[in-house]
Each structure stands twice: as C-alpha cells, then as structure tokens.
Number of protein chains: 2
Amino acid sequence: MCSTGLRMFFNPSSIAIVGVSDNPKKVGNLVAKNLIAQGYESPIYFINPKYKTLFEKRVFAKLSDVGQSIDLVVLAVPVDIALGYLDEIKAVGTKNIVIFAAGFKETSTEGEKKEKLLKEKAGAYGFNILGPNCIGFINTDKKINTTFLRDICPAGNIGFVSQSGALGSLMVDSLVNHKNLGFSYFVSLGNKTIVDETDVLEFLADDPKTKVIAMYLEDVKDGDRFKQILKKTTQKKPVVVLKSGVTAEGSQAAISHTGSMMGNDQIYQAVFDQCGAIRAESFSEFMTLLKLFSFDRIPFSKNTLILSNAGGVGVLLTDELVKQKLSLITITEEVKQNIIQSMGGDKISLHNPIDLLGDARAFDYEQAIKSTIKEKEIGSVVILLTPQANTEIPETASVIARAQAGFDRPIYPIFMGEKSVGNPHLFFEEKNIASFSTYDFLPKALAKIIAYKKYLGLPEQVFPTDNQGDSGEIGRTILSGRGKSFLNLVDSMEVIERSGIPVENLYMAANMSDLASKVKNINYPVVLKIASEKITHKTEVQGVIADIRDDEGLKTAYDHLCQISQGKEVLLQKMVKGHELIVGAKRDSVFGIMVMVGLGGIYTEVIKEAVSFNYPFSNDYFCQIIEKTKLLPFIKGFRGSYPLDTDKLYRIMFRIGQLLYKHPQIKEVDINPLMLVEGNLVAVDGRIVLL
Amino acid sequence: MCSTGLRMFFNPSSIAIVGVSDNPKKVGNLVAKNLIAQGYESPIYFINPKYKTLFEKRVFAKLSDVGQSIDLVVLAVPVDIALGYLDEIKAVGTKNIVIFAAGFKETSTEGEKKEKLLKEKAGAYGFNILGPNCIGFINTDKKINTTFLRDICPAGNIGFVSQSGALGSLMVDSLVNHKNLGFSYFVSLGNKTIVDETDVLEFLADDPKTKVIAMYLEDVKDGDRFKQILKKTTQKKPVVVLKSGVTAEGSQAAISHTGSMMGNDQIYQAVFDQCGAIRAESFSEFMTLLKLFSFDRIPFSKNTLILSNAGGVGVLLTDELVKQKLSLITITEEVKQNIIQSMGGDKISLHNPIDLLGDARAFDYEQAIKSTIKEKEIGSVVILLTPQANTEIPETASVIARAQAGFDRPIYPIFMGEKSVGNPHLFFEEKNIASFSTYDFLPKALAKIIAYKKYLGLPEQVFPTDNQGDSGEIGRTILSGRGKSFLNLVDSMEVIERSGIPVENLYMAANMSDLASKVKNINYPVVLKIASEKITHKTEVQGVIADIRDDEGLKTAYDHLCQISQGKEVLLQKMVKGHELIVGAKRDSVFGIMVMVGLGGIYTEVIKEAVSFNYPFSNDYFCQIIEKTKLLPFIKGFRGSYPLDTDKLYRIMFRIGQLLYKHPQIKEVDINPLMLVEGNLVAVDGRIVLL
C-alpha cells in the first residue's frame, strides 16, 4: 500500500463506528468514548440498529442511512458480522476500514478461510484495511482515536507501530502520566492482511510530527520492501525496534554450518543492523531509547563524565559503561584546578567518576558541574543522585536543569531511590531532559545510539562491479547435481572457484598409482580426502587425512580412506597451513541471501563466533561491523602472523552472495575452512547445498 | 574480631552520643533523632559541652560526667576530636565505638597517619571500632539506630553490610515504603580499621533474625578468612554480593597468559562462586535477589510456566528465560483438557507461554492458574499482567494471592505499566509474594538461585591425597632460577613434570650433529624450539618450528633458530597433535593461589575463554563449573574426537595449585598448550614465573 494512501487513511474527515454500544465493557462502547474524548472535531457517525441515540448522538441503523460521505469505517463487530459488512461499505463508497475482530488466521483453519475471503474482497473492492485482530490507530495531531485503549493517548513525537495490541496498550499506559512524551501516531497492525509494518514505516518516515519511529515486531511480511524502506527511513530519523522471538528458532536440522550458525534471530539482527535500525533488547531499553530520541538528548561521543554523591554507584555505572565500550573522559589539569578552587580540592576525588561524597548539597553539584563541563571532549554527562541525609533533591534537579539549558551536550540525571526521591522525572520532562531512576539501561542505549551515528557516517553504498564468475560453467556444474540435495566436494569447489574465489586445487585420483603420480606434481605435504558423496561431515568419520609427508604415509592414508568409502577413488590436495575461517551463505525465506563469516576449523562449533550480512553489502559497512567481532585480532595480526586483509575477505563474501544471487538453485554454500595463509585467503574445503 | 564480640557491640544496653547537636544538618543531630525515633528503650547519654539539654534530655559535658556504665560510644565529631576522645573512652571503660569522621586514610598521607594512630590505640586499649568514615549501624530488633540516615530503618530479615554508606542509604530509601521488607541489621563498614566485612558476615551467619545476607563490597581485607567464613555461611543462608570495580583492573602488564587472563574481577568472581555467594550484577538485580530470598520464594527448578495477557511480552520474557538457561515446561495433554474445559480451548494458546489474550479478566487468570498449576514439574510460575481495556487489576492480584496461598511453588506476578497498574506491590508484599514491575531482572536472578541450590547439593569437599611431585628436586630446580624473573623452558618443564603432570619430553641439542642423533631416538615428526632464555613469547619471533618431518626440514629449521638466537643450542621435542588448552596458576595478593583453564593455542588471545578456581577446589565443584564453559564440547567430544576426561584435567589443575602452595617462590605457571591427544592430556610448553 502506498504512503499517500495511508495519509488519507490516518487523516479521515469523517468516521463511522459500526457496532457502537452502551455496554461499557464492549469495544463498541470504548472506541466511541475514546474518539469523543480525544477531541475529534469532524463528523462521527454511530451505527447500530439496536439504539436510537448514544453519547447524546443519533445512532443510525445502517451505514447507508448516514447519507454523507464517510472517509473511514471502524468495524467494532465480531468476525462474521464484519465480513458481512464489506458489501455495505462498498455501497456507500468508503475505502478505508479498521477491523478489530479476532477469529481470523490467528485462530483456526476456519479463520484462515475467513481471512482469505477478507483479502479477496479487499482486493476486489479496493479497500485499505488496518487489522483485523488489531486495536486501531491514533493520530494525536488530528485528535483521532479509533482504539479501545483504557486511556486517551498522550501527544508527542514518537510514531509507534505495534504488531501486538497488548504491547501498544502497555506503552500508552506507561507514558500517559509523563510530560512531553507521547505519540504522533499509534498504529496497531493486527494480522496485517492489507496494511503492514512497511506501509506504516514509509508513512511515518515522511511525517513531520514524527521524530523517532518505534516498532514492535514479531515478524516481517515482505522482507525486500522492508529492507529498502527501513534503510531509507533510518537516514531521515531513528527507528527503534523491539523484536521478540530471539530463542524461538525452530529446531530444523541444518545440513551446513552456515545454516546452523545463522538462525532466524541472527538474520533479523543482521538486517536491522545493516538497515541502520536500533534494536532494543527489552521493553525497558526500548523506552530508554525512545526517551533519548524524543527529547533529542543524543550523546556527542562515547566520552562520558560521571558526577555522583555515591562513589560506589558511580563505580557500578562505570563498569556498565566500559562493558558497552563507552569511555570515561580524563579530567584535564586545568579543570582539576577549577574544581579545587570552587569546591576545595581535598574534599572530592578529581578522577572520573567524580565522587562528590554523600553530604553533597545542590551547591556542590552546581560547582562540580560548572567546573567540569568545560572539558571540550565531553560526549555526555551522567549525574547520579542517591538520597543521603542532607541531599537536596528538588534543588539539585533545578541546578541540573539550569546547567542543561546552557550546555549543548546532554546531561542525564539518574535519581535513584524511592521514598525521598519521589518522581523528579516530571520536572525534568518539562524541560525535555532525559532522566532515569536506574542506571541499568542507559549505557547500552548510549552505545547503540553512538553506533547508529557511526552508521550514518558511512559513505554511500558502492558494490564491486567486477562481475567475477563464469556463470555458464557454474550453471552447468550445478545442474550436474540435479536431483541431489548437495553437490559433491569436487563440484562444490569448482563452483566456488568459478565464482571468483581462490581455491586450493583438488585432484581426483582413481587408484593408488594415479595418486602417487599426482602427488609427484604437487609435492608433499598433501591431504587426502574421502571421495564418497554420501558423507557430509568428513572429519567425523576421519575422512580427511592431513599433512601427509611421504610415500609411506600416503599409502597408509589411501588404504584407510578406501576402507571407509568402500571404493578406490580419493581426493588429493596440497596441504595448506594457516588460520581457519568459515564463510558461507544461505537463502532466507524473508530477507533473501545472507552471507556470514566466523572462526573456522574445529572451533566453528566450540566458539560459534560468526557475523552475518544481507547481500548486497558495501565494503565500508562490512569493515565497520567486522572490527567489532572476534576476527579483530586476525585483522590486526597477532604474535607475528600476517594481518587479515579485510578487502580480500569482503570480496570473497560478496562473491558468495553473488553466486546465490545468480543461481537460484543454490540454497547454501559453506567454505570451511577458508584459510588465512600469510595474508592470503584460500578456500580449502566447501559444500554447496541445492534447493 | 570475634563474633561474640560483635554480639555485644550490636546489642549495647546503653549508648552515648558524643557531639550531639541542635543543628538539623549535623550528624550529631541526625543520629540523636534517629536513635530516639527508632525507639531505643535503654539509656541514651548525650555528650557536648555546648548544651545543657537537647531533645528534652540532659546533655553531659563529658563522658565521665555520665557516671553510669556505657556499652557503646558513638563519636559524631570530626577526625581530630574523635582521636582526642579515645583516652576518655578508655577512662570510662567503654570498649565499643562507632566513628563517623572522614579524614583518615581515604584522603591523604596525613589521614593515613591518623588511621595508623587510631589502629594502634584501638589495639592497645582493646577497642572494637566500626568505621571510621562510616554511617553507623542499625539493629532493628533492639530498636538501635546509630546512623544519620534520613529515614527510620524498616525491620525485616535482610542482614546488610555495606562498604559504602551512600549505597546503604540508597537501599534504606528504596525499602522504607515497602511492606515486610527490611533489615535485621544494617552495618556501614567505612574504612574497616578494626571491624571488617568478614567479622559482620560471621556474626550475621548465626543471627536467627537474619534470613539472607546482603553485602556491598569494594574490596576484601583478609582474603583467607573471608573465604573460610563465606563458605561456611552460604551453607546456612544465602549471601548476595554486589561488588563494584569490574572494569577497574589496573593496567599492570602480565608476563604470563595466566596473569593476563585472571584479572582482579575474575578472581573475585571465582572466589564468590566457589564459596557459594550469589553475585548481583547491578543494584536492581541485587534488590530482586533480596526480595526473592527475604520472602522465601525460591524456584523449585528451572521449569517455568508463564501466563500472560500480552502474548508479545510473554515471548520477550521467554527469550530472557531461555538466555539464562531456564526452561519452559511443556503443558501435558491432561492439563490442556483442563484448560479447554474451564476456559474454552479455542480462545487461548495452549502452549507455554500461555497467552490469555488482551481481554483476559481476573476470572480468566483464575481459571488458567487453577488448570495449569496441576503440572507436577512446575518450578515456578510467572504471571504477566499489562493494562488492557478490560484488565481487572486488583481483582487479578487477589486471584494470584489466593492461588499462591494454596501452592507450594512460587508465583511471581509481574504487573507492567504505570498509570493503571499503580502500586500493586504493597498488596503482594503483605502476603510475602515477590512481585515485580518489569521482567528485566527476574530471569537472571532465578538462574543464579538455581545455581546456588545446585552448589548446596555438592558433596562435601574432598581433595586428592596422592601427594604427587618430588618437592626436593623441584625446589632445587627453582633455586637455579634465583635472581631471574622466570625459569627457562627446560627448567619450567622439569618442574611441571616433577609436580606430577604428564609432559612431552624436551631435549637439549648442543649442535646439529647432536640434534640429528637425538631425532633418531624419537623419530619424525618433531618440533624445534629456540633455546634462548631471553625470549618470552617464542611464537612471536617464529622461535618454534613445528611438525618437521625429514632431515632436510630439520636442517633448515635448525639454521633458522640459530640465526634468531645467535647460538648453537636448540630444544627438540616430539611433535604432538591434538586440541590445545591452556592451564595456569598465579598467586593473588588477597585470595592466594588461583588456577585457570581455557582454550589454548592461537585462540588463547582471540577467544579469551577461561575459568578460574581458588586452590584448593574439589573435583565435584570443578565438574559443575567446567560444564558451563566453552570446554563443554571437548568434554562431550565432537566430530569423532576423544572426549576430554575432566578427572585428568582436574588432577593436573590441582597439582599446579599444589605446586604454588608448596613453593612460595613461584609467582605464576603457564602450561600452554596442554594438548588433548586422544583423551590424554600432555604439557607441551610451559613457563614458570618467579617472585
């Protein structure tokens, strides 16, 4: 659905509610009261044959009785009545419909049929439908509330899309008592039969009232469109996503390492990262991120300054900041002198975190803030307050508010405790200051915002144009595997090589004398591999014998492999030594081609350290991500080893992605190991899984 | 200090406050008011020559004017006056003193001198002193409050020891408005000149009013005594520790891997684990653990049942539980039938987490609870409530309270939201039900409690009695390194072998012909190592040449090493292939001998996966911990490799610990790699660092 269509949908000039009721427990009652209470100023029409008037308004028996144009119909009726109403809605010429009813695909096969019918009719009649199984939407600017939430929705600059009505309801309840925090739009998606998350995202991206977009997702309907719109949107405004189902990955057995290492949640994470969305790990972190963006209190950098009247809590917070790779700025000599002059230097610690001691008054906070915020390198300031005997709580809040008013970088007050501290947040919120009552969620939120800023600094995406790979030959080789679930090692390696990735040559030896003569050409040390097509994990059956150095070893190895495979053929390769990586790619049903790299060899399964990318991805982005992984020591080089050239690695990974892109018959590719040998990368073993 | 001494200290029959004041901002005023307000019923004597009466009580000019026996003196006076008072206290015969004053060792070298004087006088006069630089203590049972906190301390069963007064103050403020949650004792330690954390721990261990011990620590004074008392205490009651300084590890360069992999915080963590203490990672988690223990709502097992009126939040919580290795119980067919009969099965999901849908009333919660808690395998139940249109909040709370009253396993209500939910916790607390307003901290807390229960199930500690190791010869070899900072490879390996650890023999070859003849004895493949004593990280200078298979390779390798070392000697070893581990030990200044094991080889630095133990440690404990690490795949065996025998590994680690125990000249030992070869472990390279 197009974004213009949604503008009309979310800004109707008249609304009809079908199924309005006088029973205060029914949605038809709640939605009518909410729409009136929110203050909607355009015509509202109530429909229900049972009533004549409700809420001091006339109630029509049917839609056609209204006799005026109706921009939006809200169906507050059960599933079958809702379905029955579609023809009448068509008759009065309305295109936009909200459907609350449950009982569609989320319940049973019977419900699935009903949803199919709904979709067909919507298509035939040109309907835009929000829901079914949703709780409606709110546009605070136009005072439209078509939900049955228990509260009137607070207005603000957060555009919120939720795949769960209950979670949306929780969020409204959590914000309604706050100041300056609220929604531009609240949209409950329900079953997403017509309108989906991407439609609303696209609409909110261009909505001037929306400063930050919040999404609660359980899945994504159209992965390609979602990626495209999300990537565009995050360039304009932040998108904070809460996505459940981290551990609900299903238990399908994967044939390849790549398959097992890129689970459903890793793929969602990779797509969010690559499109610049910020993923919150919990509801509390979600709310923290939204508050920071809504108030536009964004850290300038990772350099943090902490002031605290409880030294211990200052150190606990420092621990969390450092865990998140934020840093504490060093107080310069000049500023130390400032502090000593204004506060008496023997009293407080001059190291960050600055401990103002338990008896700090508002005046002490003020002096400390004034002295320290002269540090040029400050990215943000965290001010911790705990209630001690003489702590001046409202006075300190005022001191902080005054300091923030004259300071361009954000100050985050964290006022801990319960009884004495009360609720200082309303005071801070009045001034658009992002304050908190615990230090638990801020460090991670700050780290994620800094990563987002870094993401925004990436140059425009460029992809390699050298169209590597001999597509025709690759295609023919793949066809040789027709009917099988994967290509044998020889074919797999051929495809990998033809796609432009350096490989270590593999030779088929028909018998011992053939083997001996082939070894003469490549010289010892060599590796022998079992040639059987039936064995997937060769090392498990000891089907790989590495580092054979002489004729005697060769003979023993050959005999051993023949015994396992019950045949005479073996595969021969020159022995390669170096660090082992694994790279691979797989096709995801939602997001398309995913490419990953991780630590390889025997550690593949021990460590399970891997990072995924959605194809295509730029070299700049790749480098930004790869440096946060455990591959970093390889990139830097350690203990005298050659450093890993990320450019070479990027090109290999890009080509694997390209291989899947060009050849839709390929389901998965594993290169394991990809050896790092004196700065070069070479594929030593590989497997291609077919669809 | 002995625990009997503290019983007297914390239960005085009369208290004198020196420095009582009418200025409401002075501690001498606050402490007097607190002691009266808490309701202390025994004699209180106020001392200050400036006043005649205060708080309707006579004020004495000096202690000796009191003329009655005084059990405890609280010095609410500045540092120098406090020091000056000690003689007068001795004169009146009082032994127990609380000192608030700052200005001791925490400030300056001048302050250090004052602390030294205080300690000397305390020793000479037989004083027990709490502080200085503390905020006093509270004994709620005897209504004693010698603190200057802003609130009267709530009574309860938490015994709290804090190294930070500010953090203690925060905790009191966080609990004072709650029900049934509070302290048996609150003790602020300050500088720990005389009374330290272990003294108070030992006292609380035997205190019948204390059900759970809470500690905030920044360091530990006497590591050996702390370990001993802590281990005893956790067998009697849970000890929850909040310890700051995770990242403040100092930056001393470590010579050995072991040194660099066991930082200060890892050592504290290992000691807490090994003594059965539960470490909280944040203040919020600390409070969550204390609530669970204080109300005695301990999960029976990791099998969790979730009921929720918000499906999305149920899945988010599930993610967290699974991350913490808790599991969701499977609903049996019988119980499913129960639910269908009582609630209508088509309405709710019959899988755990059970989604009661947004319109769930108190009745629906009740039916669902009644049906599902029949599951025999339930370890605990989490009931999520979010405020939806028709949610019945107090009614649902009552339903939960009734269910908990008739159910032996804990039910944890999590009521999320702000406006509508209000504060249901007071209602739950009245009934000793552990309720929460967010799901953020519960999963980790439950996982830690389950680990504690598993710890308590360990058999009594037994240590190996086979006294391996030829101490005399070891001692002589160590002496050969006198004056050096570490033993050379040959000596290191000799010491390791003599301590009872299998090693791969190492041969010194004086020149090429000597080398050639020695290789004949052990056969190819072999390894050559540089013999220079100056090189610490041999691989960095390519001082190790592995897997030499023939005479030609031997000659090349020999020449190469001679060139690097500028000598003719090299070390020869038979080539060993397998999985690489690292084990090591070091001497910690607080806790003594620490032993560690991790992934070895080149991955030592890439992965940094290691786990530490305080010597001595039992095999049972070792196995319980090791199975939670990334060594697990080795223990289970993977891809056809022999499994790692934990018994063999334990014995090696125990012997390394024993080596340091018997030989105090040894500072650190590294065995890297310890090779896992077909189920056997053999030390291939090692280093011994001397003190």
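Contact here means heavy atoms within 4.5 Å. By that criterion, 100% of the interface residues of chain A are also interface residues in chain B, so the copies meet through the same surface. This is a predicted model, in which local features need pLDDT of at least 70 and side-chain atom pairs count only at pLDDT 80 or more, while totals for chains, interfaces and linings use all residues. Residues are numbered from 1 along each chain as its sequence is written, chains are lettered from A in the order in which they are written, and side-chain values use heavy atoms, without hydrogens and water.

Chain A is superposed on chain B by a rotation of 180° with 0.0 Å of shift along its axis, at an RMSD of 0.0 Å (least squares on the C-alpha atoms of residues with pLDDT of at least 70 in both copies). That is the relation of a two-fold axis. The C-alpha of R549(A) is the one in chain A nearest the axis, 3.5 Å from it.

Within chain A, helix α6 (residues 197-205) and helix α7 (residues 223-236) have axes that come within 10 Å and cross at roughly 20°. Axes are lines fitted to C-alpha atoms over the stretch in contact, with angles from 0 to 180 degrees between N-to-C directions; helices are DSSP runs (H or I, at least four residues) numbered from the N terminus. The angle makes α6(A) roughly parallel to α7(A), a term for angles under 35 degrees. Residues making the contact include L201(A) of α6(A) and F226(A) of α7(A).

Over all chains there are 69 salt bridges (a side-chain nitrogen of Lys or Arg within 4 Å of a carboxyl oxygen of Asp or Glu). One of them joins D647(A) and R651(A), whose closest N and O atoms are 2.5 Å apart. These two residues are separated by about one helical turn, because D647(A) and R651(A) lie four residues apart in helix α24 (residues 646-662) of chain A.

Terms used. Parallel < 35°, antiparallel > 145°, perpendicular 65-115°, else oblique.
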